[in-house]
Amino acid sequence: MKRRFEPVEVDVTRGWPVVVNWNGRRLRVTGLVDAWVIQGRWWAGEERRVCFRVTTCGVTLYIYRSG
């Protein structure tokens with residue numbers, strides 16, 4: 001398993017990821033495995049993240065939306 005921490009563009013419909021634009025490719029999301037929210041210490045200015053684990057044509061990706 002490789003871990004990469006880099007920004008990606010994600011097309012969403014009704015708040016759910018449908019296409020991930022990554023490494024010059026458009027990967028259609030074929031399944032949503034899990035979704036959760038991580039709330040940092042808001043009083044310390046830490047961000048809120050909405051996280052998704054999605055599958056795309058044989059690849060499982062962990063992506064998140066911050067803010």
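## Fold and layout

From the N terminus on, the elements run β-β-β-β-β, giving the protein 0 helices and 5 strands. Helices here are DSSP runs of H or I with at least four residues, strands are runs of E with at least two, and both are numbered from the N terminus. This is a predicted model, in which local features need pLDDT of at least 70, side-chain atom pairs count only at pLDDT 80 or more, and totals for chains, interfaces and linings use all residues. Residues are numbered from 1 along each chain as its sequence is written, and side-chain values use heavy atoms, with hydrogens and water left out.

Taken along the principal axes, the C-alpha atoms fill a box of roughly 40 × 25 × 20 Å. Of the 67 residues in the protein, 24% are buried; that word stands for under 20% relative accessible area, while exposed stands for over 50% and partly exposed for anything in between (1.4 Å probe, protein chains only). Among contacts with a separation of 6 or more, 22% are between residues 24 or more positions apart, where contact means heavy atoms within 4.5 Å.

Let's start on the inside, with V29 in strand β3. V29 has a relative accessible area of 15%, so it counts as buried. Leaving aside neighbours within four places in sequence, V29 is in contact with P17, V18, V19, V20, V54, T55 and T56. V29 and T55 are 26 residues apart along the chain, yet their C-alpha atoms are separated by 5.8 Å.

T56 belongs to strand β4 (residues 48–56). This threonine is buried, with a relative accessible area of 0%. Not counting residues up to four places away in sequence, T56 touches L27, R28, V29, T30 and L61.

## Charged pairs

Side chains of opposite charge can pair when their charged atoms come close. The structure holds 3 salt bridges, each defined as a side-chain nitrogen of Lys or Arg within 4 Å of a carboxyl oxygen of Asp or Glu. In one of them, R26 pairs with D11, and the closest N and O atoms are 3.2 Å apart. This pair links distant parts of the chain, with R26 in strand β3 (residues 25–39) and D11 in strand β1 (residues 9–13), 15 residues apart. R26 is exposed at 57% relative accessibility, whereas D11 is partly exposed at 29%.

E46 forms a salt bridge with R41, the closest N and O atoms being 2.9 Å apart. Both partners are partly exposed: E46 has 35% relative accessibility and R41 has 44%. R49 and E47 form a salt bridge too, with 2.8 Å between the closest N and O atoms. Here R49 is partly exposed at 31%, and E47 is partly exposed at 35%.

## Aromatic pairs

There are 3 aromatic pairs in the structure. Rings of Phe, Tyr and Trp (its six-membered ring) pair if their centres lie within 6.5 Å; planes under 30 degrees apart count as stacked, over 60 as edge-to-face and the rest as tilted. One of the pairs joins W36 and Y62, with ring centres 6.5 Å apart and planes at 70 degrees, so it is edge-to-face. W36 lies in strand β3 and Y62 in strand β5 (residues 59–66), so the pair ties together parts that are 26 residues apart in sequence. W36 is partly exposed at 31% relative accessibility, while Y62 is exposed at 55%.

W42 and W43 form an edge-to-face pair as well, at 5.8 Å centre to centre and 85 degrees between the planes. Both tryptophans are exposed, W42 at 63% relative accessibility and W43 at 60%.

## The largest pocket

About 860 Å³ of space lies in the largest pocket. Of its 22 lining residues, the closest to the pocket centre are R4, F5, L61, Y62 and I63. The elements that give two or more residues to the lining are β2 (16–22), β3, β4 and β5, and β5 provides the largest share, 6 residues.

On a 1 Å grid over the protein atoms alone, a pocket is an open set of points where a 1.4 Å probe fits, with protein on both sides within 12 Å along at least five of seven lines; lining residues have an atom within 4 Å of a point. Grid points are joined across faces, edges and corners, and the volume is the space filled by probe spheres set on the points.
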